[in-house]
Amino acid sequence: MSTNNEKHASISAVSPSETIVEMTELILPNDANVLGNVQGGRIMHWIDLAAAVAAHRHCKAVCVTAAIEGLSFLNPIKVGQLAHLEAKVVYTGTTSLVTKVVVKSEDMDTGEIKKTSEAYLTFVNLGRNGKPSPVPPLLLQTEQEIAEFQKAKRIKEHRLALEKLELGEI
Ligand SMILES: CC(C)(COP(=O)(O)OP(=O)(O)OC[C@H]1O[C@@H](n2cnc3c(N)ncnc32)[C@H](O)[C@@H]1OP(=O)(O)O)[C@@H](O)C(=O)NCCC(=O)NCCS
């Protein structure tokens with residue numbers, strides 16, 4: 001299944017797996033709060049970086065972050081542990097896309113791995129003219145890719161509805 005759109009007709013579809021970005025960070029004292037856990041802001045920075053690389057890879061162009069949704073901190077990551085980030089494009093619209101990022105901790109002494117964060121980031125492809133430009137559609141080949149596409153679409157629509165509500169437009 002390809003996310004067809006008339007404006008996409010001339011752009012080749014890209015599979016979510018082609019956009020996967022993996023990043024590993026060793027948590028150092030400078031990354032931590034007074035409890036010895038990684039600071040939320042540091043994790044947010046790494047999430048934004050990983051997601052931006054996936055978006056750039058998908059569009060072969062620089063994309064800007066428009067919104068971050070559903071960011072959770074489920075478990076702490078301690079100094080000396082690893083943070084593994086995986087980002088991939090899961091939804092494409094016309095000029096925007098959504099990247100899902102999952103963060104896991106690894107305790108290298110015990111081998112224990114825990115999911116610690118998840119987030120959905122919307123990026124807009126700014127073309128050569130610096131204006132929102134069409135993004136390549138996603139090539140969805142598995143049930144999971146279709147389910148992730150539909151979930152991210154709902155998250156983006158929810159975000160846009162909330163913004164309209166805040167602006168008093170609905
Ligand atoms: C993101 C930005 C380019 C959008 O500009 P805009 O004039 O609102 O663009 P448009 O109204 O044409 O919308 C473009 C796309 O972005 C989506 N979009 C815009 N704002 C959004 C938001 N807050 N949340 C989710 N999607 C958003 C639109 O739905 C549209 O998607 P579609 O084409 O796939 O349907 C502009 O707001 C901007 O430059 N923001 C600052 C970005 C930035 O500095 N980020 C941090 C550093 S990278």
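1. The radius of gyration is taken here over C-alpha atoms, and the globule rule is 2.2 Å times the number of residues to the power 0.38. With 170 residues, a compact globule would come out near 15 Å, and the protein chain has 17 Å, which agrees. Its C-alpha atoms fill a box of roughly 50 × 40 × 30 Å along the principal axes.

2. This is a predicted model, in which local features need pLDDT of at least 70 and side-chain atom pairs count only at pLDDT 80 or more, while totals for chains, interfaces and linings use all residues. Residues are numbered from 1 along each chain as its sequence is written.

3. The protein chain holds 2 helices and 5 strands, in the sequence pattern β-α-β-β-β-β-α; helices (H or I, at least four residues) and strands (E, at least two) are DSSP runs, numbered from the N terminus.

4. Strand E5 (residues 113–125) runs antiparallel to strand E2 (residues 63–73), joined by 8 bridges, and Ile68 stands opposite Leu121 in E5; two strands pair if DSSP finds at least two bridges between them.

5. Strand E4 (residues 96–106) also pairs with E5 in the antiparallel sense, over 11 bridges, with Lys100 opposite Tyr120 in E5. E4 and E5 form a hairpin with 6 residues between them, and Gly111 in the turn has a positive phi of about 80 degrees.

6. Among contacts (C-beta atoms, placed from the backbone, within 7 Å) between residues at least 6 apart in sequence, 74% join residues at least 24 apart.

Key. Two residues are in contact if their C-beta atoms, placed from the backbone, lie within 7 Å.
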